[in-house]
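Here is a short report on a ligand site, a cavity and a sheet. Please read it with the model open.

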Amino acid sequence: MQDFDLAIVGASFAGLLCARAAAARGLRTAVLESKRHPAARVHTTGILVKEAGEEIDTPPHLTRTIHAVRLYAPSLASIDLAAPGYYFLTTDTAGLLTWLTDEARQAGAEVRCGIRIDQATREHDRILLPQAYLRARFLVGADGARSTIARLFGLGRNTHFLLGLEREYPDLPEVDPDYLHCFLDTRLARGYLAWVAPAPGFMQVGLATSGGAKPDLQAFLDHTEHLFGYSRAEISERRSGLIPCGGPVSPAGAPNVMLIGDAAGHVSPMTGGGIRLAFRYGRRAGQLIHDHLTRGGPRPDLALDGELPSFALKFAMRRAMDLGPPNWLFNAVIATPAMRWVAQRIYFHRRAQAGFELPPPSSGA
Ligand SMILES: Cc1cc2nc3c(=O)[nH]c(=O)nc-3n(C[C@H](O)[C@H](O)[C@H](O)COP(=O)(O)OP(=O)(O)OC[C@H]3O[C@@H](n4cnc5c(N)ncnc54)[C@H](O)[C@@H]3O)c2cc1C
């Protein structure tokens, strides 16, 4: 049985950032991942909002910078949105996860793959993980939307989800690569959006729905075939997954155990974006655990809880989207100043500004 200060279950965005911070500060850290490699079977589109890109210094070949959004109504009428200096980074997500794994290892963390954890017990002041033959002073559940660690320790669980489906194509030449293409359509993507995202070296096409509505990606492809010509392209990958949208779970921890990332419900209820929060609060959890174990700092889950945003406005917007505004309404308002104002604020937060001109078309780097 090996002894560690910190064991983390789940080697994805939250777990790897937590491991890197904790190991860099000197904690003996092990990360346990059920897949054969953290980059195998990626389930996310992996788009980073600007703020996520500011949390880590991503190698440029793993990202593509997109400055603008083209937002379509169900009629396929569209408006273009941008904000000064704002951008999204689409990613080679498997490459990003491989890089994050290397970063965590270089900081000193041990990342072990092919170990699925579904047993954990307390032994005095240690947590025992018999399947990994290890004992740790602190355990983190970074194991995603349906967290096993939450179940094993009686912690809060996610109850509200978006369901996402996506296909990847090596190329779709008819897609304008300078835009993130987003589609409002309650019939096809109830409670959320469909998207066509130009990634570094490939294209991602997907949609998500809320409230248990069945996502029908083929219907969306049929609806927009004349714009992008999917039927002439090969499909290189398919993926799907649950996105928690009910806000932070409670409780998100107990003595010597805490949840982070999707497991903790750290996802924007409105946009379903979780990577920025996984980066920020995964890293912060690593710092707080170090502080707690070595300097008498407060319980990390309670300290982190005090740092989380309230999400109040995003919950209100989630409820409005869950109602499924009728398609005629989207068609009627798409070109109005009010719609542009709301969309600018959703996509670009407080950085929205009228009258901004896009930079010239780029190679995407
Ligand atoms: C279709 C889809 C598209 C999305 N698009 C975006 C987007 O563009 N931008 C964005 O910001 N967010 C997006 N999200 C949300 C984002 O992917 C998540 O918020 C993010 O992946 C959360 O990271 P995480 O580290 O908490 O958990 P996850 O990425 O879910 O990783 C959990 C890890 O734990 C491992 N694991 C689980 N159980 C065990 C176990 N018992 N033992 C060992 N290992 C285990 C899993 O194999 C996995 O590697 C999307 C989600 C989906 C489903």
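A polar side-chain atom of Thr148 sits 3.5 Å from a nitrogen atom of the ligand. This is a polar contact, a pair of N or O atoms within 3.5 Å.

| Side chain | Ligand atom | Distance |
|---|---|---|
| Glu33 | oxygen | 2.6 Å |
| Thr44 | oxygen | 2.8 Å |
| Thr148 | nitrogen | 3.5 Å |

The model is predicted; local features need pLDDT of at least 70, side-chain atom pairs count only at pLDDT 80 or more, and totals for chains, interfaces and linings use all residues. Residues are numbered from 1 along each chain as its sequence is written, and side-chain values use heavy atoms, without hydrogens or water.

**Ligand shell**

The ligand taken alone exposes 1,000 Å², and the protein buries 92% of that (Shrake-Rupley method, 1.4 Å probe). Around the ligand stand 31 residues, each with a heavy atom within 4 Å of it. Ser12, Glu33, Thr44, Ile117 and Asp262 come nearest. By class, the shell has 11 nonpolar, 15 polar and 5 charged residues. Here Ala, Val, Leu, Ile, Met, Phe, Trp, Tyr, Cys and Pro count as nonpolar, Asp, Glu, Lys and Arg as charged, and the others, Gly among them, as polar.

Helix H1 (13-24), strand S2 (29-33) and strand S16 (237-244) each give the shell at least two residues. S16 supplies the largest share, 3 residues. Helices (H or I, at least four residues) and strands (E, at least two) are DSSP runs, numbered from the N terminus.

**Cavities**

The structure has 3 cavities of 30 Å³ or more. A cavity is a set of points, on a 1 Å grid over the protein atoms alone, where a 1.4 Å probe fits but cannot get out; lining residues have an atom within 4 Å of a point. The largest cavity holds about 70 Å³, the space filled by probe spheres set on the points. Its lining includes Pro248, Met258, His266 and Asp301. That lining counts 8 nonpolar, 1 polar and 2 charged residues.

**An open sheet**

Three strands form an open antiparallel sheet in the order S3-S7-S4. Strands pair if DSSP finds at least two bridges between them. S3 and S7 (88-91) are joined by 2 bridges. Val49 stands opposite Phe88 in S7.

How values were computed
Polar contact = N/O pair within 3.5 Å; in protein donor to acceptor, adjacent residues only side chain to side chain. 1 Å grid on protein atoms, 1.4 Å probe; cavity = no way out; pocket = protein on both sides within 12 Å on 5 of 7 lines; lining within 4 Å.
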